Amino acid sequence: ASLKILHNLNSLEGDADLQFLLAGGELLKVRSNSWKKNRTFKLQEDCRTIWQESRKAMRSSQTFSIDDIEAVRLGRQSEGLQKYTEEALEDRCFSIIFKGRRKNLDLIASSKEDACKWVTSLEKVITNLRNLSSKQKTEHWIYNCMRNADKNSDNKMSLKELKHFLHQINIEVDDEYAQMLFAKCDKSKSGQLEGSEIEYFYKLLTAREEIDVIYDKYAQTNRQMSAKDLLSFLQNEQQEGVSLDDALKLIEKYEVDNAAKEKQQMTKDGFLMYLHQPEGMILNPAHKDVYQDMTQPLSHYFISSSHNTYLMEDQLKGPSSTEAYIRALMKSCRCVELDCWDGSDGEPIIYHGYTLTSKILFKDVIKAIKEYAFKTSEYPVILSLENHCSLEQQKLMAKHMTSILGDALLAKPLGDEMPTTFPSPEELKGRFLIKGKRLNKLEEAFSPSSTTDENESISEDDEAADMVEDAEKKPKKSKKMKLAKELSDLVIYCKSVHFQGFEHARESQEFYEMSSFKEGKAEKLAEESANEFVCHNVDKLSRIYPAGSRADSSNYNPVPLWTAGCQIVALNFQTPSDEMDLNQGWFLPNGMSGYLMKPEFLRDRASEFNPVNLTKGKWLQHKTLHVMVISAQQLPKINKKKESSIVDPLVRVEIHGVPADAASRETDYIEDNGFNPMWNENFQFDVCVPELALVRFVVEDYDSTSQNDLIGQYTLPFTSLQNGYRHVPLLTKNGDIIPSAALFVHIMAVEAE
């Protein structure tokens with residue numbers, strides 16, 4: 001017996017692709033035209049870390065985790081490879097795309113076959129690791145920690161190595177407790193743990209006392225759960241309207257012991273397996289797919305939207321990149337922004353004007369959007385143009401969009417007659433809509449004989465004018481610009497107009513004419529004229545964007561704008577923040593389609609809803625939310641470089657929504673335990689408008705002398721909560737899942753008395 005009893009990648013044992021990666025090989029690493037160097041790469045024995053050779057004087061090698069990889073792309077699918085390699089090398093190139101802000105790894109293999117082998121092998125290992133059960137992930141992680149603690153590689157564990165191991169998994173224990181634990185497992189009295197002793201140590205370590213209590217309460221059939229016992233648990237604790245047949249299906253699906261499965265019973269391991277699956281998680285599994293009516297007019301939906309989409313970092317000197325568009329689209333962002341300026345060689349470019357941000361070609365952005373727009377969501381993408389270009393380069397913009405996007409570009413209204421309302425997301429599946437200035441009324445699109453002077457001057461878009469105002473430090477004036485007819489004609493359902501007040505909008509603004517609001521103006525309207533804003537947003541689109549003073553690309557709170565019915569609340573996707581957590585949580589359900597249908601009271605022209613001053617109405621659905629924060633499992637270290645650094649975790653539960661519902665409660669912190677801390681603390685929240693409420697779970701590392709550090713968080717709409725005992729996955733500040741880490745809570749949302 002050895003430590004490998006805990007190693008679980010059985011599904012790939014002996015696999016040719018795995019063996020290929022373990023053997024490794026030489027690849028050409030590309031950083032620039034002048035920096036292309038051969039480096040050796042190989043998968044380490046833990047099957048989750050890639051070793052790469054380094055020629056730097058201070059380090060001979062470096063590693064990165066498979067968990068840190070976002071995607072592997074075959075071909076010249078990164079800016080670096082497109083810029084620094086020839087087209088003839090297309091089939092030998094591939095890129096490793098990392099999560100967060102880490103730069104891509106651009107590589108060239110020796111042959112087409114070799115490149116394909118690297119990509120398929122990496123994708124297989126990535127998929128395998130992501131598909132491991134929670135129990136398997138725990139085993140795999142603990143195995144690797146044990147390997148690291150086994151300093152002399154003898155497959156045994158001394159007391160000193162056990163202490164080192166506990167530090168690695170985020171637990172601080174005193175010497176007396178460590179000695180007691182060691183003695184309990186050292187059955188042979190040899191002074192070292194090996195084989196079955198290590199297995200016993202693992203069982204002690206991973207025991208879930210809180211799960212034992214729940215399971216034992218309902219395991220009334222020879223100390224196991226029969227289908228009837230499980231049904232009783234599902235109905236009494238999980239508050240699910242299920243049948244005996246549903247319980248039998250769960251046993252068939254998740255029971256790990258074949259003998260128990262044959263008896264139609266569920267063991268404790270099977271029960272824990274169920275609690276880590278979609279049916280046992282806090283998010284209602286019925287909401288993981290598109291479940292809402294997608295045939296309503298476009299204005300009846302909240303739309304996931306990005307601001308300054310081209311930026312990877314801040315908006316003063318940060319890099320612009322097509323990769324930023326890809327990342328936003330892969331997160332189901334459905335409205336992206338393109339700040340367009342004249343390029344010096346006749347080709348329009350995109351960058352943040354009047355700043356030192358880098359520049360990228362407009363046509364390259366359109367190509368990237370075309371490639372990635374509908375990989376995670378099939379619903380329409382809005383291209384929000386901020387146009388600063390000359391007539392000639394505007395014509396080129398129109399030509400690029402028409403030729404690259406092809407039939408997917410909506411270049412005329414749907415149907416043969418002038419519409420009176422927006423089409424639906426369902427009708428617009430797979431289509432691109434252009435938002436920008438238009439020279440004439442949409443009605444003229446149905447009159448081929450109508451002509452418009454392409455040199456006609458129109459007022460600048462609001463955000464474009466704001467950018468000039470911020471750059472020149474002068475009061476904003478109504479500036480004029482010339483608009484090319486070719487570009488104007490591509491604007492169909494999203495014509496940009498200046499907002500002149502709600503009364504003017506009611507009397508004169510067409511449904512397809514939309515206004516953009518700087519965050520401050522929008523927040524003022526949402527506070528002082530909330531009901532008018534709500535009614536305005538029933539049949540017209542509103543786009544909100546951050547103030548130009550946010551040079552660091554920080555974000556504003558989107559919730560007050562959503563509660564006022566604003567559809568396109570554009571945030572800086574490139575900036576990890578609480579606000580982006582809320583955005584990711586808001587658009588988590590409905591298949592992560594980037595579209596979320598507004599509640600009925602935000603779709604009614606006669607609505608009297610006012611989020612700031614709540615009155616009686618169908619929006620008032622008073623709920624009492626009971627939350628018991630029970631425990632957490634395998635929280636990551638904050639300071640991974642310092643072995644002795646152990647987290648002191650606490651949990652905060654937040655409610656975001658209308659002002660009356662905003663609330664926050666916090667547990668005590670647990671000292672020196674990130675592996676299996678337990679709180680058992682109860683909170684209660686009163687929620688008036690649950691259809692506009694978000695619930696956010698935040699886990700932080702307590703610090704008495706400075707600001708707490710974020711360990712992980714998870715946000716979801718109140719209406720997507722599942723009652724009962726639930727696991728809550730945790731995400732990093734970048735919105736990526738933290739493998740194995742979770743909260744365990746009990747949720748009960750009931751009608752308020």
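Which strand holds the place of Glu-386? Select residues 381-387: this is strand β15, and Glu-386 lies in it. Strands here are DSSP runs (E, at least two residues) and helices likewise (H or I, at least four), numbered from the N terminus.

Before moving on, note that this is a predicted model, where local features need pLDDT of at least 70, side-chain atom pairs count only at pLDDT 80 or more, and totals for chains, interfaces and linings use all residues. Residues are numbered from 1 along each chain as its sequence is written, and side-chain values use heavy atoms, with hydrogens and water left out.

**Stop 1: the annotated site**

Buried means under 20% relative accessible area, exposed over 50%, and partly exposed in between (1.4 Å probe, protein chains only).

Now pick Glu-337, in strand β12 (residues 335-341). Glu-337 is buried, at 1% relative accessible area. Its side chain reaches the backbone nitrogen of Asn-308 at 2.6 Å.

**Stop 2: the nonpolar cores**

Select Leu-338, Ile-369, Leu-383 and Met-401. Of the 71 residues in the largest nonpolar core, these touch the most other members. Helix α14 (residues 362-372) gives this core its largest share, six residues. Apart from it lies another core, of 33 residues, including Phe-683 and Ile-747. A nonpolar core is a set of buried Ala, Val, Leu, Ile, Met, Phe, Trp, Tyr and Cys residues joined through side-chain atoms within 4.5 Å.

**Stop 3: aromatic rings**

How many aromatic pairs does the structure hold? There are 28 aromatic pairs. Show Phe-601 and Phe-609: their ring centres are 4.7 Å apart and their planes at 50 degrees, so the pair is tilted. Both Phe-601 and Phe-609 are buried. Rings of Phe, Tyr and Trp (its six-membered ring) pair if their centres lie within 6.5 Å; planes under 30 degrees apart count as stacked, over 60 as edge-to-face and the rest as tilted.

Next, select Tyr-215, Tyr-218, Phe-233, Phe-271 and Tyr-274. Ring pairs link them into a cluster.

Notes:
Polar contact = N/O pair within 3.5 Å; in protein donor to acceptor, adjacent residues only side chain to side chain.
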